[in-house]
Each structure stands twice: as C-alpha cells, then as structure tokens.
Amino acid sequence: MKDAALDALQNERFVLGESVFKFEEEFARYCGAKHAVSTNSGTCALQFSLLALGVRPGNHIITTPFSFIATANAALHVGATPVFSDVEMETCNIDPRLVRGEMTGKVQVVIPVHLYGFPADMDPILEASRENGVAVVEDACQAHGAEYFGRKVGGIGDVGCFSFYPSKNMTVCGDGGMVVTNDEDLAKKVAKLRDCGRSSHYEHDVVGFTSRLNTVNAAIGRVQLRRLDAWNRKRREHAELYSRLLSVVDGIVLPRKASSDILPVYHLYVIRTGPRDQLKAWLEANGVQCGVHYPVPIHLQPVYKRMFGYAEGDFPNSEMLSRTVLSLPMFPDLKHEEVGYVCEKISEFYAHEIARA
Ligand SMILES: Cc1ncc(COP(=O)(O)O)c(C=O)c1O
C-alpha cells in the first residue's frame, strides 16, 4: 500500500489520476457490474445515486431504521422523505413482505442495507420494486464481496453503493465510496455529480459537488481489493469458530450462518442477548473491546424524532435489536486463541449470570 501510494503521489495527478479509473474498472469487474464511479464517501455514493435516478423533493425512499444513519440521511440530502420499514429479527435486514406494503405512489426508490455484511433478501425486494416501478439502490457499505445466490451484492439492484471508511472490509485508508451499476447513463450522471457537474473542463450543466476519490486513496484501494477475498475468508473462519464455541452457551442468539445461497462477509459478528450492557461491561473489564451497532435506531435519533415525530414503539424489531445487539471483535488478523478467549469469557459471564439468577 505504501509503495502504491508513493508511486501515485510521485507520478499521477492528485485528483482524477490514472489510479482512480483503474480502481473503478477493477471494482466494477469484482462486483460483476459494467460500471463503477468512485466518490469521496459512501454517503455521497448514496446521495448521487438517488440524484442520478431522478429523485426529487417530495419523493419517498423506503429504507431500514436499523442501519448507520447515513443510509436514511441520503434521502434527506436530496430533499426526499425516508419511509422506514422494520427489519426481520433473524437477519437484521429489511423485511421484504413489509417493503411491498410500503410501496405507494410516492415511492421512487427502496434502499435495502446488507447489514453487518449479511445480504438482504434481494429477490422479493426486486420483484415488488419492478411491479411498482421503484428503483433499488443497494447499500452495500458493509458488505464488499458478499454474495446472494451467486451474485455479488451491489451488482444486483439498479445501483450499489459502497464505503471505504477505514473500519470496512476494505478501505482506501481514508474516506471513500463507490457507485456500481450496469446502467451507463446513470454512471455518467454520477461521474458528473461528483466532479462539480462538469460536462467539459470549463462547462457545468448540472449543480454538482466536489466529491471525488483522491488518487492516492484509489491507489491504496486497488491493493486492498486484491486482498479482499482472502480477508473475507478469514472473517468467515472466525465467525464459524465463534458460532461453534458459542453454540453451547445458553442465553445468546447467534448470527445467521452462511449457506449455499448466501455468502456473508461478517463485517461485524453480532450476537444478541438480554443483559447486553452487562455482558459488554464484563468483556471490557476482561480486555475485550466490543461495539454496539446500533444502540439507537435511526427513527429515534434526536434529529429524526424532531423532524418526523417518531416515538418509541414505531419499529419494534429495530428497537429490540438496538437494546440487545453486541458486536464481538472481528477482523481478518484475529487469532483463533483470541476468539477462544472471548468465548471463554462469555461462557464465564453466563455461568455467573445463572449463579446469580
Ligand atoms: C450501512 C452504511 N451505509 C452508509 C455508510 C456511509 O458511508 P461513509 O461513512 O463512507 O459515508 C456506512 C458507513 O459508514 C454504512 O455502514
């Protein structure tokens, strides 16, 4: 990565240099899509996808209340209204049956999120969307390389959006994003939006943004992309070990496993448990850092409550997940002994819990 970055720094234009276009080409090929256009974040990737699809103020965008806030913010950034649809407890992803029911005349786009690197159930979502003339923008910001019935996520809907923020399965060592699509016209629109709305160097025919991926970051992204599959394999190995060791512990719900149809990439390994905060504190006291993704569902964030008047009880599954999810350590270089240690501490916690009960 250092060599690639230095090479780009010494030999290329800082902005829209050769590495940017090579990264886009390679990323599109990786996703099985015809086009990829880089941006300076996943949030911008989502926002520009919506604009390129023609979303306008007053339009409605269906999405999940259980995601990182940027998913729903993308709708607000283009003046549209996010319409939340609750998630399934088992997958933590949007429930296709509920999505269908939300498809009223005002809905332009649905944004399923492949949360934690686990693919959303795309086929019924696509079917309902096609029937209702609604576009599908996949939020694949947590799911680089995940597969749904043999297809890479991001390349399944009309558009797929990725983030390369440093915590993701692959990064550009800074902020970055990517839009992938098979629609050439849409790709061109996104490319224009991220580059000041330029139709030629000194001519601008739409109101654009300065939201390009820097060349040095793209050069790093190209190296990361070559490692992605190996890193994802390691994540799956760790997930299998966690699930095997934790299957004997009563009191926790494990994440869904890979199957012949669904290949998750475990951006996060998330368990569910009632005494979540106590378990988190116990693990942290024993040197295990954990996360909570996410402790507040989007509809209950202060800004959404203020803007839309949402209240507790509006999306019960998302709220239940927010109270019970716990992300255990997950990264490719995790050691088997470390996974073992985490599981041992979890078992000890429940042994004490049971003793206390
Ligand atoms: C599900 C999801 N959507 C959107 C984003 C936004 O990406 P970024 O932080 O690159 O803007 C992220 C990550 O941060 C994410 O996890």
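Where is the place of R212? Select R212 and you land in the loop between β11 (203-204) and α8 (215-246); helices here are DSSP runs of H or I with at least four residues, strands are runs of E with at least two, and both are numbered from the N terminus. Before you click further, know that this is a predicted model, where local features need pLDDT of at least 70, side-chain atom pairs count only at pLDDT 80 or more, and totals for chains, interfaces and linings use all residues. Residues are numbered from 1 along each chain as its sequence is written, and side-chain values use heavy atoms, with hydrogens and water left out.

**Stop 1**

With 18% relative accessibility, R212 counts as buried (buried means under 20% relative accessible area, exposed over 50%, partly exposed in between, with a 1.4 Å probe and protein chains only). Show what R212 touches, not counting residues up to four places away in sequence: among them are V15, L16, T39, N40 and D195. Touching, or contact, means heavy atoms within 4.5 Å. Now zoom in on the side chains of R212 and D195, which make a polar contact at 2.6 Å. A polar contact is a pair of N or O atoms within 3.5 Å; within protein, one must be able to donate a hydrogen and the other to accept it, and residues adjacent in sequence count only if both atoms are side-chain atoms.

Next, pick S41. Along the sequence S41 and R212 are 171 residues apart, yet their C-alpha atoms are 8.6 Å apart in space. You'll find S41 in the loop between β1 (35-39) and α3. S41 is buried too, at a relative accessible area of 14%. Its side chain reaches the backbone nitrogen of T43 at 3.4 Å. Leaving out residues up to four places away in sequence, S41 touches G176 and G177.

**Stop 2: the ligand**

Which residues are closest to the ligand? Select G42, T43, D139, S163 and K168: these are the closest of the 14 residues that surround the ligand, where being near takes a heavy atom within 4 Å.

- T43: an N or O atom in its side chain is 2.5 Å from an oxygen atom of the ligand.
- T71: an N or O atom in its side chain is 3.5 Å from a nitrogen atom of the ligand.
- K168: a polar side-chain atom lies 2.9 Å from an oxygen atom of the ligand.

Taken alone, the ligand exposes 380 Å², and the protein buries 93% of that; these areas come from the Shrake-Rupley method with a 1.4 Å probe, and for residues only the protein chains shown count as cover.

**Stop 3: helix α4**

Why is α4 (residues 70-77) largely enclosed by the rest of the structure? Six of its eight residues are buried, so the rest of the structure largely encloses α4. Select A70, T71, A72, N73, A74 and A75 to see the buried ones. They pack against α3 (42-52), β2 (60-63), β3 (81-84), β4 (107-111), β5 (135-139) and α10 (302-308). After α4 comes G79, with a positive phi near 80°.

From here, hop to T63 in strand β2. T63 counts as buried at 1% relative accessibility. Its contacts beyond four places in sequence include T71 and A72, along with V83 and F84.

**Stop 4: some backbone spots**

Go to L16, in the loop between α1 (2-11) and α2 (18-31). L16 is not a glycine, but its phi is positive, near 50°. L16 is buried, at 18% relative accessibility.

F149 has a positive phi as well, about 45°, although it is not a glycine. Look for F149 in the loop between β6 (147-148) and β7 (151-152). At a relative accessible area of 44%, F149 is partly exposed.

Then select H293 and Y294: the peptide bond from H293 to Y294 is cis, with omega near 15°. Y294 has its place in the loop between α9 and α10.

**Last stop: D333**

Is D333 buried or exposed? D333 is exposed, with a relative accessible area of 55%. The loop that holds D333 runs between β14 and α12 (336-356). Apart from its neighbours within four places in sequence, D333 is in contact with K234 and E338. Select R235 to finish: its C-alpha is separated by 8.6 Å from that of D333, although the two are 98 residues apart along the chain.
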